[in-house]
Amino acid sequence: MTDLMIILGSPASGKTTLARRLAAEFRVPCLCKDDIKEALFDVLGVTDRADSKRLSDASFAAQLGVARSQLHAGLSCIVEGNWRAEHAAGVLQILTAAGARGVQVWCRANPLEIVRRFTARDRHPGHLDAVVGRAEVKQASEQQPSFMDLAGPRWVYDSGAPAAYAQLLSDLKTWRL
């Protein structure tokens with residue numbers, strides 16, 4: 001059985017760190033949205049938030065295309081990004097076509113920690129982080145977990161809690177049996 005692990009949550013909640021850590025643990029490919037988006041920035045450029053949104057949409061489409069290929073080859077994989085309800089149909093389509101299972105992990109942290117992380121990180125300038133206000137980041141960090149409407153288990157992972165990773169890893173290993 002192949003699995004698609006979907007890591008989602010607000011900006012600076014620890015999604016990429018968690019996805020890469022789980023990919024190493026489970027020895028599966030990890031498809032991070034920003035890796036794709038930053039390559040698109042380098043080739044296509046970005047001038048405003050509308051451009052950034054368009055490249056985000058293209059990045060999600062690319063992730064789903066690569067994930068589909070992985071699942072059809074019988075390989076589980078992880079996709080990471082700020083997945084939203086509008087992506088559920090595409091994810092469901094690839095899960096169904098491949099006969100794969102899906103699991104969602106919502107990353108969160110203390111809102112003040114998320115603001116600290118967001119303002120301290122050094123990302124590709126194409127993300128236009130400088131035009132995103134602290135209030136907007138804090139508001140996003142206070143969202144309740146918003147999973148996609150997909151079958152399968154759902155976990156909330158607090159990236160600021162020291163014991164959270166061990167518990168999530170145990171839960172995922174049990175689920176994967």
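1. Helices (H or I, at least four residues) and strands (E, at least two) are DSSP runs, numbered from the N terminus. The loop between strand S1 and helix H1 (15–26) is the place of Ala12. Ala12 is not a glycine, yet its phi is positive, at about 65 degrees. Ala12 counts as buried at 9% relative accessibility, where buried means under 20% relative accessible area, exposed over 50%, and partly exposed in between (1.4 Å probe, protein chains only).

2. A word on the basis of this note. The model is predicted, and local features need pLDDT of at least 70, side-chain atom pairs count only at pLDDT 80 or more, and totals for chains, interfaces and linings use all residues. Residues are numbered from 1 along each chain as its sequence is written, and side-chain values use heavy atoms, with hydrogens and water left out.

3. Arg27 also deserves a look. This residue, other than glycine, has a positive phi near 55 degrees. Arg27 sits in the loop between H1 and strand S2 (30–32). Is Arg27 buried or exposed? Arg27 is exposed, with a relative accessible area of 77%.

4. Next come the salt bridges. A salt bridge here is a side-chain nitrogen of Lys or Arg within 4 Å of a carboxyl oxygen of Asp or Glu. By this rule the count comes to 12 salt bridges. One of them joins Asp3 and Arg101, with the closest N and O atoms 2.8 Å apart. This pair links distant parts of the chain: Asp3 is in strand S1 (residues 3–9) and Arg101 is in strand S4 (residues 101–108), 98 residues apart. Asp3 is buried, with a relative accessible area of 2%, whereas Arg101 is partly exposed at 22% relative accessibility.

5. Which residues are linked with Lys53 and Asp57 in a network of salt bridges? The network consists of Lys53, Asp57, Arg84 and Glu86.

6. Helix H5 (residues 111–120) contains Glu113 and Arg117, 4 residues apart, about one turn of the helix. Their side chains meet in a salt bridge at 3.1 Å, N to O. Glu113 is partly exposed, with a relative accessible area of 24%. Arg117 is buried, with a relative accessible area of 19%.

7. Now the helix packing. Two packed helices are described by the angle between their axes and the distance between the axes. Axes are lines fitted to C-alpha atoms, for helices over the stretch in contact, and angles run from 0 to 180 degrees between N-to-C directions. Helix H2 (residues 33–44) and H3 pack at about 125 degrees, with their axes 9 Å apart. That makes H2 oblique to H3, since angles under 35 degrees count as roughly parallel, over 145 as roughly antiparallel, 65 to 115 as roughly perpendicular and the rest as oblique. H2 passes H3 in a right-handed crossing; a crossing is left-handed if the near helix is turned anticlockwise from the far one by less than a right angle, and right-handed if clockwise.

8. Which residues of H2 meet H3? From H2 these are Lys33, Ile36, Lys37, Leu40, Phe41 and Leu44, and the residues they meet in H3 include Leu55, Phe60 and Gln63. Contact means heavy atoms within 4.5 Å. By class, the contact of H2 with H3 has 8 nonpolar, 4 polar and 2 charged residues. Ala, Val, Leu, Ile, Met, Phe, Trp, Tyr, Cys and Pro count as nonpolar, Asp, Glu, Lys and Arg as charged, and the others, Gly among them, as polar.

9. H5 and helix H6 (residues 134–141) pack at an angle of about 135 degrees, with their axes 9 Å apart. That makes H5 oblique to H6. The crossing of H5 and H6 is right-handed. On the H5 side the contact is made by Pro111, Leu112, Ile114, Val115, Phe118 and Thr119, and on the H6 side by Arg134, Val137, Lys138 and Ser141. The contact of H5 with H6 has, by class, 6 nonpolar, 2 polar and 2 charged residues.

10. Val115 is a residue of helix H5. Val115 is buried, with a relative accessible area of 7%. Leaving aside neighbours within four places in sequence, Val115 is in contact with Arg134, Val137 and Lys138. C-alpha to C-alpha, Val115 and Arg134 are 6.4 Å apart in space, and they are 19 residues apart in sequence.
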